[in-house]
Amino acid sequence: MAPRRKASKLQPAGGSSGGELILRPTEHKDYINELSHEVLCHIFRYLPMKDIMCMECLSRKLREAVTLYLRVVKVVDLCAGRWWEYMPSGFIDSSFLLLLKKMPDLEQLFGLHPRYLERRRVRGYEAFSIPGVLEALQACPNLLGVETSHLELVEAIWNYMPQVHILGKFRNRNGAFPIPAENKLTIPVTAKIQTLHLVGVNVPEIPCVSMLRHLYLKWVRLTKPQPFKDFLCVSLRTFVMRNCAGPTNSLKYVPLVTGLASARNLEQLELVRVPFLGGLIQHVVEDSWRSGGFRNLHTIVFGACKNALEVDLGYLIITASRRLHELRIQPSLTKDGVFSALKMAELEFPQFETLHLGYVDEFLLQCKMSHSELVKYGLADVIENPGIITDIGIKVVNEVFTNIKYLLIYNCPHLHNPHHWITDQSRWSRLVDLTLVRCHAVKLESFSQFIELLPCLEFICLDQMFREPPKGCARVGLSAGTGIGVSSALVSNQNSNNDNNHHHHDANLPPAPPPVNHNHQRQQHNVPVEVNGLEEEDQEEEEEVILEEDHRGAAPPIEPKGAERRTGAEEDAAGPSHLAVAPEDEEQAGPSGLVQHCRTAGAPGPKPPLVISDSDSEEDEGLAPRLPSSCLQQPASCSKGKGKTPLRRGKATSLSVPVSGCGRSCEKSCQVTSEQIKADMKAASECGRRSISKDMATETVDRADGTSVRPLSRVAHVGGCGGAVVGAPHGANLTREASLRQNCGPAVVGSVNPQTVRRPPHAAQDRPAGAARLSQQGEGPSEAFVPRRPLTRSCTRTSSASLLPETDLPPARPRVAIRRKRMSDKSTSTSDPVTEDDHIQVLSLKSKNLVGITLTNCGITDLVLKDCPKMMFIHATRCRVLKQLRVESAPIVNRFDYAQCKKLDMEQVLDQILRMPPERNRIIYMRPMHQIDSVALERQLFQGPYPYHIAIVHEFSNPPNIRNKVRIRSWMDTIANISQELIKYEFFPEATRTEDDVRKYPRYPWGRDIYTLEGVVDGAPYSMMTDFPWLRTLRAADPNSYARYDFEDDESTTIYAPRRKGQLSADICMETIGEEISERRQSRRGVFQRVVVLFLHHCDTPGEPVEDDYI
């Protein structure tokens, strides 16, 4: 039995004569000093070295115990097991030598991670230096190994103490890209090391290191011309080489591949941007597989390997089929033929689980450098195009890998119908996790069917999927969301007529040219460029709204040079809209079929279009072919050969082009190619920038006789339901809404001569007074004419000028440009500033095992949970048009995250969540991008028929702090558990909330016990309005015997810290709140069994999203 503890002695007062007893506390005893040295040494084994060193200063006995402990210790960790931290600071050469001299039996020293080491000693200067560390280590005669992360220190150990092993994983901590010149390491052949992770280091060569098991090279510059000539690591199990600056000659990688084949235990092979010789791996596998080469691989990664062939990958997969777990394939190898060949091999992959198609390394996705900069810093010259795998190839994937659990597909624009991936031989019966990124052609309805057919699917992650159709596409006959002009072959998200299986033009379409990436365009034109998913967000520009000056009786229009007069008969003979004047030169696949490109006899052919290597089109408007010089000289003939009049802005040329509409031309005019659209947008943006930079200088047109002419203004000629825009100066886009409306039928519009086009005389009278005043202020010969955009519906709303055609109109007066945020959404590919509702795209989920879905940058407007009995969370981030949530059957979903979804209908989403049956506690995290009416929000939640206790938390930290959000999830369940215990076992009254209660309590506090908690977390205020029971009492209670002080939070750093108070469970908490329970029972105030927390983070409310690593 343990000895009884004597806390105090009872002695009678006044000696032996009796009297009352008084309590005399005994003197404090030092129990630690009563322990033996052996027991103290045993205790020291559980303390970090820093604390042991502090013990030396407390007492003589403890100093003796520390000395004894250090004398016998064999393993010391200076970082207490935290290998990612630095060792205690304050050491100098003499003190570190003194410490190690006290440990004569030391065999293994872990955690030797100094924050800074001097390279050499300086006389008279006490410092911590590499020679000092080496001297201290040499003072330990039995030392076998050292763990460190210092490049120069490990090289010194290899040179001066070659018998010492480098323990654990060597990871240098000062790696960066571009590779710092001071980071150097020479690896000797005799190096005793098993794991070597080098990041951002200059290494001469990789020699034959017999002990090496794991080699990880990232951003490593190999400086010798033949860095692999002696490479032979027979014990190697992991080889990773990512984005290294090595030799550009592919032949110099032959010893690397042959050396890897000799490593019979190689399990993980990752090659990213390694330009080995194409076909080399095939031949090496053929020579080595019988002796076990590459037979034990469980992970194969190919990324941006310039010369890699399908046979290289295929031979590796076939050789490693028995143990293969994971496969990541670069876009150039993501094609149907690879999997068709594997299917013909008739192999089994019993352990295969993870497949990543179209794999692109994270560094390339996140790097802000251009391709030319990466090449300048020594990386291989590689530009990847999107993967060309189709639905047929994906269907074969599951026939080859029948046990696949995790599927990730990145940027495969030729995938259309996921429900076709499922056949009798391809059931995807074990697929658990599905991630699709930037597969823009996948159809939403087909995807929903696919999800319903997957029996074991638990997690869905969608990133940049189902993009919303660009504004104005319906008006010009474009298919919605096609990824115009890129390698996706103009496929559609929604329009089934563009499906590869149903397209009526498929037989006539020529094959799309291979995508070519021109990275130098970024420097030349300063426009957004994408390479393999490297997106630059287009900055939201300020565009200009043009208010025109109208006056009657002005001078007659002047005919620009090069324009030809045509009679009505001549125009009729020219054909509808002048589309077929010149002989046909070529045909190009457009979104609506074949578009004929016509040229005049003397005009040279247009330059080939610049096509970037990705399936996005929203940021591609600047990559347009420049107009040939002959087109600038012959504006009339150059502008009449395509589906819509491609008016380009020439520096000294004014284009005024006749357009006539008829039944045939209406269909033809809808066939607009991506090159035309992008060229128009580039011309418009360039002319706007040029006009602004000239500081509103007058724009004139130089004639041959030396006189200057003002350009003609736009005049829209609208007739019937369709129409045509006439007379667009300087390459401004033609009005798509007025002239190119396909669905309204043909418009009967008469021929218009550019010389007879006039402004309606009543236009100035109909305009608002403010516009007229602005126009008058801008009157004068020095005012500039700034054509920035087509005249569309949204532009006409700012001016009530009539669009009806008239004759006898004066030419355009100068316009006054006022700056205003542009009205169009910036993520549309045409940037057409029309006012148009978002295209409704509904993602319906029906799955028996689905647990959660994550949406990022997706173009869906509605999310519907039809039947998801196991669904637990929904995360939506930066979904620009996501508006509504409909929950039909998802009883246990309890976590909702909506961050930076600017059009989210908060009232509708909250109502849907709170109307769900109260089977779970729920937390809703929102980061709105606009100001919230908190009073209306509180009224909606607290007054509504929602059977929950509700808390609304307003968090104002910026940058965002998630401390409160994370902590709330840990204690909100405790609050609800207390209420459930009382209702189930203590017969406590349960509250209800029906429509009658809503009518009964029309005013604050709406029948609830509402209170507010406020505070500051990390310098940012928060406010919590709630009717949670028990919370105030628990926060105010004193810590109990279960309190944990190793937890960093308390009420000063978060709303409520239960572990600091020892309130670890509902039972313990009920001991604290007994008085509040009695009061509620007496007043017959019931409680709800479930709680809901709405957490509003207001860092994005100004409308600009804040960068946040947590989302």
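**Ground rules.** This is a predicted model, where local features need pLDDT of at least 70, side-chain atom pairs count only at pLDDT 80 or more, and totals for chains, interfaces and linings use all residues. Residues are numbered from 1 along each chain as its sequence is written, and side-chain values use heavy atoms, with hydrogens and water left out.

**Whole chain.** Colour by pLDDT, the predictor's confidence in each residue, from 0 to 100. The chain mean is 74, and 64% of residues reach 70 or more. Now show secondary structure: the chain has 34 helices and 37 strands. These are DSSP runs, numbered from the N terminus: helices are H or I with at least four residues, strands E with at least two. Of the 1111 residues, 53% count as buried (under 20% relative accessible area; exposed is over 50%, partly exposed in between; 1.4 Å probe, protein chains only). Take the contacts (heavy atoms within 4.5 Å) with a separation of 6 or more: 69% of them join residues 24 or more positions apart.

Select residues 1–19. Their pLDDT stays under 50, and the model gives them 20 contacts beyond four places in sequence. Next, select 694–825. Here too pLDDT is below 50, with 324 contacts beyond near neighbours in sequence.

**Helix pair H6 and H7.** Select 130–138 (H6) and 151–160 (H7). They pack at an angle of about 50°, with axes 10 Å apart. Axes are lines fitted to C-alpha atoms, for helices over the stretch in contact, and angles run from 0 to 180 degrees between N-to-C directions. H6 is therefore oblique to H7 (under 35 degrees is roughly parallel, over 145 roughly antiparallel, 65 to 115 roughly perpendicular, the rest oblique). Show side chains: Ile130, Val133, Leu134, Leu137 and Gln138 of H6 meet Glu152, Leu153, Ala156, Ile157 and Tyr160 of H7.

**Helix H9.** Select 280–288. Its buried residues are Leu280, Ile281, Gln282, Val284, Val285 and Ser288. They pack against helix H8 (254–261), strand S12 (268–272), strand S13 (299–303) and helix H10 (310–319).

**Aspartate 105.** Where does aspartate 105 lie? Zoom to the loop between helix H5 (93–101) and strand S4 (108–112). At 30% relative accessibility, aspartate 105 counts as partly exposed. Leaving out residues up to four places away in sequence, aspartate 105 touches Arg71, Val72, Val73, Lys74 and Asn142. Finish with a distance label: the C-alpha atoms of aspartate 105 and asparagine 142 are 6.0 Å apart, across 37 residues of chain.
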